[in-house]
Amino acid sequence: MIYLDNNASMVPYGEVLEALNESIKNSFNAGSVHTMGRNSRAKIEKARLKIADMMGCNGEDVLFTSGATESNNIAIMGGDESIALVSALEHPSILNVHPNTHIIPVDRNGIVDLEFIENFLKDKKAGDVLVSVMYASHETGTVQPVKAVAKICAKYMQRFHIDAVQGAGKRKINFMSSGANSMSITAHKIGGVQGIGALIYNRALNLNPLMRGGDQEKQMRPGTVNVAGCVGFGVACDICVKTMNEKIEKLNYLRDYMESEIIARCPGVEIVAKDVDRLTGTSRIIMPNVNSEKQVMYMDLNGICVASGSACSSGVVKESGALRAMGYDKSCIGSSIRIGMSFATNKDEIDEFIKIYCEIYDKMAKKSL
Amino acid sequence: MSIIYLDNFASTPIDKEVLQEINYVMQNNFANPHSVSHELGWECNDIIDNARLKVAKLVGTKPNNVIFTSGATESNNTIIKCIKYSDNKKTILVSEIEHPCVLQSAKFMKNHGFNIKYIPVDNVGRIDIDKFAELLDDTVALVSIMLVNNEIGTIQDIKTISDMTHSVNALLHSDCAQAIGKIDIDMEAMGIDAISLSGHKFYASKGIGALICNEKVNLVSLIDGGGQEKNMRSGTLPTPLIAGLGKACELAEKNLVSDILRISELRAYMESELLQRITNSRSLGDMKNRISGSINLYIPNIYTDNFFVNLHGVAISSGSACASAGKKASNVLQAIGISPEVEALSMRICISNKNTKNEIDIAIENIVSAIEKSK
């Protein structure tokens with residue numbers, strides 16, 4: 001199998017699996033006062049520091065959660081704002097949470113309209129709007145000008161949240177200098193395992209917890225802490241930090257190679273957001289008039305995993321909201337696929353992907369062009 | 001020296017077979033189970049469906065009723081905060097001996113205009129049925145009573161409670177975190193409308209649990225997003241942890257009877273030794289209705305801190321682990337009439353199916369010796 005759906009869930013690092021295995025065997029209730037409880041607590045704190053290291057924040061800014069969906073829910077509902085202003089490309093765990101949500105339009109490349117944000121915030125009461133813009137799109141890889149957004153939010157004194165799920169571990173992120181008030185991350189998108197994530201924020205922000213119960217995580221997130229999950233997450237962060245530069249170089253090379261091959265061999269095919277800053281390893285490719293379901297099925301039959309939409313709608317294939325927001329028409333939206341590479345992706349796999357992609361093109365697209 | 005772990009109310013060690021399952025799935029099924037465009041995603045989805053079947057089977061319900069969560073705390077928060085309450089039914093009854101996450105969620109609802117009433121228990125921790133009857137009226141929407149208590153192991157007469165609850169058209173929720181895998185649970189036969197459970201209390205991993213509701217329960221979601229779990233719980237499902245939970249349910253189904261027999265024997269032995277050798281000690285809880293591994297030993301005139309300083313090689317706790325770091329007096333012990341003012345030690349022990357006779361022997365010696373030193 002050639003796995004190119006790493007934006008949905010990334011291949012885990014071998015070191016993470018080893019650490020998890022070891023840790024699950026010896027993980028106790030970190031709230032217990034005996035030695036074993038204390039050891040578990042120490043492991044959690046060690047992991048917390050590794051996450052802080054990757055995110056450029058203090059250990060105490062790291063709140064462990066069950067994943068980015070929970071982190072995003074806390075970030076959005078934890079404050080008292082009566083309005084949420086979020087970009088059109090956001091993940092459903094940002095889009096579908098606040099009862100009074102307004103949408104920031106994006107251009108053809110998926111970049112948020114800064115002027116719109118400024119105009120929207122201009123006449124709003126300070127502290128009444130929560131603004132949320134993702135670091136990079138899971139659907140197109142478009143990297144957002146989050147620093148500029150942060151500046152506007154600061155100017156009008158509104159809280160700013162970044163869903164950093166797709167940027168973390170792939171780009172150098174510095175929470176402290178980002179200007180954001182909070183960031184969400186999750187382990188399974190950076191080479192860790194599902195079931196653990198974090199919300200990065202300064203505790204001075206005084207967010208309300210989503211759940212009530214024991215005193216874990218300084219009362220912000222009750223529930224017995226998933227010790228092994230934290231440990232695995234920490235190891236994944238560690239590797240991401242250490243290997244970031246070589247990974248960026250490799251994935252940029254592989255993606256540029258793949259895209260230029262495909263463009264050269266398949267006239268009419270379009271790469272979404274090609275000319276703006278994109279996440280390494282992410283491509284969304286439109287093969288006009290060839291249904292994306294047909295494409296992914298053909299890929300699957302040839303042992304290649306890619307995605308058509310994003311993978312969170314419980315078995316229902318929905319058309320990409322991102323592409324619609326970027327102004328693509330229905331025929332383009334319904335004929336695009338998403339490639340997500342990882343540290344584990346190699347050139348042979350990309351060559352095989354190109355070969356199969358061209359086969360599909362020759363069989364299904366040529367005649368309709 | 002390895003430490004003998006007898007703090008299984010707080011968390012259980014993972015079962016070898018569960019660990020194998022998790023390891024296998026972590027390595028081979030890392031895809032997103034909600035990816036519909038390739039085989040690796042479908043496989044993950046199949047693994048989750050299979051686990052869902054096992055969970056449902058263990059508690060006597062349909063797989064459709066199982067919502068996977070991050071653990072019992074989330075499940076308990078969800079059921080209390082997210083039922084679609086009607087305007088004329090805004091009373092919630094919870095027992096005095098519930099876990100903090102139930103009590104705190106109830107308190108949260110109180111701040112949102114709900115009427116919260118606390119059901120007292122008798123001196124062994126069983127619901128006071130007469131007082132419960134007095135509290136029940138047509139305004140009651142939800143009753144939440146844990147099936148097994150996490151400090152004294154008392155098992156409730158849940159069938160009587162469910163009949164009474166349903167007589168006023170209220171829903172019965174039961175926090176089964178300590179009951180699952182320890183006693184036989186049949187939601188339908190017991191008349192429980194919703195149960196919460198956590199993997200790490202019965203030999204699966206931390207970070208996974210479930211809220212299981214029958215058709216009568218009308219919920220909204222606590223966590224929104226991609227619409228997973230039929231819109232009831234968004235977020236990518238952790239396939240490996242769910243596979244592990246399924247495995248633990250399968251093992252519980254298979255081993256329940258033999259586990260109970262073996263653990264009861266170890267408990268009877270340990271408890272009688274401790275009672276005999278520690279002067280003035282007595283057992284708290286319901287001697288007839290408690291889970292097989294549970295011992296809560298009460299010893300007056302011993303300082304808790306002294307005892308734990310003197311205790312070596314054995315992991316046990318005093319009171320609930322959630323409250324012990326902050327040193328709050330246990331709400332459970334107060335509810336059964338133990339004064340928080342009297343200097344005394346309450347030792348919370350829970351034996352698991354992993355403990356051996358040899359371990360119990362060593363633990364007895366170490367505990368007795370720590371008591372001697374703490375006098």
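The crossing of α2(B) and α8(B) is left-handed, meaning that the near helix is turned anticlockwise from the far one by less than a right angle; helices here are DSSP runs (H or I, at least four residues) and strands are E runs of at least two, numbered from the N terminus. This is a predicted model, in which local features need pLDDT of at least 70 and side-chain atom pairs count only at pLDDT 80 or more, while totals for chains, interfaces and linings use all residues. Residues are numbered from 1 along each chain as its sequence is written, and chains are lettered from A in the order in which they are written.

The axes of α2(B) and α8(B), lines fitted to C-alpha atoms over the stretch in contact with angles running from 0 to 180 degrees between N-to-C directions, come within 8 Å and cross at roughly 35°. Residues of α2(B), including C44(B), I48(B) and K54(B), meet residues of α8(B), among them I242(B), L245(B) and E250(B), where contact requires C-beta atoms, placed from the backbone, within 7 Å. This contact divides into 11 nonpolar, three polar and four charged residues (Ala, Val, Leu, Ile, Met, Phe, Trp, Tyr, Cys and Pro count as nonpolar, Asp, Glu, Lys and Arg as charged, and the others, Gly among them, as polar).

Notes. Contact = placed C-beta atoms within 7 Å.
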